[in-house]
Amino acid sequence: MNPTQDILTQADLLCARKGVRLTPTRRRVLEMIAQSQGGAKAYDLLDSLTAENASARPPTIYRAIDFLMSHGLIHRIESLNAYVSCICPEHHQAYQLLICRQCGEVIELHEESLDTQLNQAAAAQGFRVEKKTIEVHGWCQACQASGSSEAP
């Protein structure tokens, strides 16, 4: 199997287990996000979907994105206003994203100790955490090895 097919299979299983429907449109949007390098923007998804289905409109994309996010199948990259597929929907609340400035690769981490420390630090301040977004920008191993002029 390829990575995109793995993500789609995982999504099918998760939706079946939760008793929710992964409609053809939701599945196609997830597939497009999974195939995108460095995240997919909503209007780029809309352009692609409209090319396949002329009746697609912005609410179509945003409803699909909302569904996929609410079930942990995708993440929003806040700093880029883009979406990436989630490699581990079971951990969709405790994740960190490493984003390469050169090639756009996004690596998903699940450092639970970091998540725990952040929760404890917030609680010590009397703060109730609603949502966490940890994005780390830098250069991936491949871009560093390529000797890119932008990499440190």
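## Exercises on a predicted chain

Of the chain's 152 residues, 37% count as buried (under 20% relative accessible area; exposed is over 50%, partly exposed in between; 1.4 Å probe, protein chains only). This is a predicted model: local features need pLDDT of at least 70, side-chain atom pairs count only at pLDDT 80 or more, and totals for chains, interfaces and linings use all residues. Residues are numbered from 1 along each chain as its sequence is written, and side-chain values use heavy atoms, with hydrogens and water left out.

**Exercise 1.** State how many helices and strands the chain has, and give the order of its elements.

*Solution.* Start with the rule: helices (H or I, at least four residues) and strands (E, at least two) are DSSP runs, numbered from the N terminus. The count is six helices and five strands. Now read from the N terminus: α-α-α-α-β-β-β-β-α-β-α.

**Exercise 2.** Work out the strand order of the open sheet and find its edges.

*Solution.* Two strands pair if DSSP finds at least two bridges between them. Three strands form the sheet, in the order E4-E3-E5, with mixed pairing. E4 and strand E5 (135–138) each pair on one side only, which makes them the edge strands. Leu-97 has Glu-108 in E4 as its bridge partner.

**Exercise 3.** Describe the lining of the largest pocket.

*Solution.* Lining residues have an atom within 4 Å of a pocket point; a pocket is an open set of points on a 1 Å grid over the protein atoms alone, where a 1.4 Å probe fits, with protein on both sides within 12 Å along at least five of seven lines. The lining has 18 residues; nearest the centre lie Ala-34, Ser-36, Ser-85, Ile-87 and Val-106. Elements giving two or more residues are helix H1 (3–18), helix H2 (24–35), strand E2 (82–85) and strand E4 (106–109). H1 gives the most, with four.

Definitions and conventions:
Ala, Val, Leu, Ile, Met, Phe, Trp, Tyr, Cys and Pro count as nonpolar, Asp, Glu, Lys and Arg as charged, and the others, Gly among them, as polar.
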